[in-house]
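This is a walk through one protein model, for a reader who has not seen it before. It begins with a database annotation and then turns to the packing of side chains.

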Amino acid sequence: MFSSIKHSPSSFTCTDFFPKKRSIPRPQFSPLPIIKNLHNSFPNQSFSSQKPLHVASIENLAVSKNTQQRKTECRAYEADRSRPLDINIELPDEEAAKKIKIGVYFATWWALNVVFNIYNKKVLNAFPFPWLTSTLSLAAGSLLMLISWATRLADAPKTDFEFWKTLFPVAVAHTIGHVAATVSMSKVAVSFTHIIKSGEPAFSVLVSRFLLGEAFPLPVYLSLLPIIGGCVLSAFTELNFNMTGFMGAMISNLAFVFRNLFSKKGMNGKSVSGMNYYACLSMLSLLILTPFAIAVEGPQLWAVGWQKAVSQIGPNFVWWVVAQSVFYHLYNQVSYMSLDQISPLTFSIGNTMKRISVIVSSIIIFHTPVQPVNALGAAIAILGTFLYSQAKQ
């Protein structure tokens with residue numbers, strides 16, 4: 001197993017490194033164990049100084065059985081190829097957290113919208129001045145955001161003249177849609193207004209097709225049939241039908257379609273969050289609406305109507321006005337904040353479910369009489385809206 005040691009002519013000893021006169025014996029030290037009588041123990045093996053000493057086989061070495069049983073596996077890895085530790089650390093699921101966040105947005109959005117519609121209808125029943133009511137809603141939201149910016153509760157947006165110029169047509173459409181919807185709810189039941197407003201996708205497709213030349217797949221056009229059919233069926237079977245209320249809801253649909261188109265066209269690349277974007281939209285809409293509200297209704301009618309409402313309802317009427325104004329801003333603000341987190345398709349589906357919650361809650365709270373055919377028309381229209389959302393994918 002070991003090769004014999006052979007001395008070549010060129011071999012030398014450690015004394016060659018020192019002068020002979022100063023030759024001093026040095027103790028020989030080796031980290032390896034001393035091997036004695038190699039020729040006697042391994043007669044058939046030889047050693048060579050020209051090659052490194054190595055062990056070719058361990059068959060003839062005397063190794064105890066206990067040593068053989070102890071096996072230790074040692075692995076070495078380079079620093080940049082280190083083996084990862086097998087430690088299971090459960091990290092929070094980002095996808096699940098995002099779904100929970102969206103669910104909270106949706107639940108808050110729907111709840112605030114239901115509360116707004118209830119108080120808004122109460123105010124309009126006692127104080128039938130939709131232009132002033134709409135103005136107060138925008139004023140409350142503008143005031144809340146100005147306070148938030150002043151107290152640093154929210155970061156004020158960085159805007160310029162170009163931003164406000166782009167926002168102006170959006171604000172005009174938003175103002176028309178907001179006032180038209182309020183006029184509608186002052187004349188008809190809340191449930192009927194929202195049934196008609198569920199037909200907004202039909203207006204969106206028609207405007208995009210005939211004014212912008214945008215084509216849609218066949219399923220999108222087919223989804224409009226139940227929307228239009230359901231709205232028509234509900235309108236003809238509405239017990240308290242009013243043409244002004246019906247036309248207000250229709251005008252609101254058309255105005256909000258243009259608002260969405262202007263917003264999509266003009267706000268690309270703008271780094272303003274959804275909350276601040278709606279705040280700026282409210283402020284600009286307030287400036288647009290105020291002179292028209294004064295011209296249409298006027299302070300004299302408001303004063304007479306206010307005194308009459310307070311005398312009939314009491315101090316609670318003031319709370320109703322404050323509640324409808326604040327909740328209008330809050331539900332719209334949450335909807336714009338949720339739009340930052342979700343796709344337009346998911347937002348459209350959420351908007352459809354929101355209308356269902358408003359219709360059902362208003363019927364229960366205001367004891368609105370509903371005929372079975374009317375309820376069927378509402379269900380068909382809402383189903384068509386859902387199918388439209390799916391077809392738009």
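An unreviewed UniProt entry annotates residues 102–119, 131–150, 243–262, 274–293 and 313–331 as "transmembrane region"; its positions are given in the numbering used here, feature names are shortened, and such annotations may be inferred rather than shown by experiment. The model is predicted, so local features need pLDDT of at least 70 and side-chain atom pairs count only at pLDDT 80 or more, while totals for chains, interfaces and linings use all residues. Residues are numbered from 1 along each chain as its sequence is written, and side-chain values use heavy atoms, with hydrogens and water left out.

Residues 131–150 are 100% helix and 0% strand, with end C-alpha atoms 29 Å apart. For residues 243–262 the chain is likewise 100% helix and 0% strand, and the end C-alpha atoms lie 29 Å apart. Helices (H or I, at least four residues) and strands (E, at least two) are DSSP runs, numbered from the N terminus.

A nonpolar core here is a set of buried Ala, Val, Leu, Ile, Met, Phe, Trp, Tyr and Cys residues joined through side-chain atoms within 4.5 Å. Buried means under 20% relative accessible area, exposed over 50%, and partly exposed in between (1.4 Å probe, protein chains only). The largest nonpolar core has 31 residues, of which Trp149, Leu167, Tyr277, Leu281, Tyr328 and Tyr331 touch the most other members. Two or more residues each come from α3 (94–126), α4 (130–150), α5 (161–187), α10 (274–296) and α12 (316–339). The largest share, ten residues, belongs to α10. A second, separate core has 13 residues, including Phe127 and Trp302.
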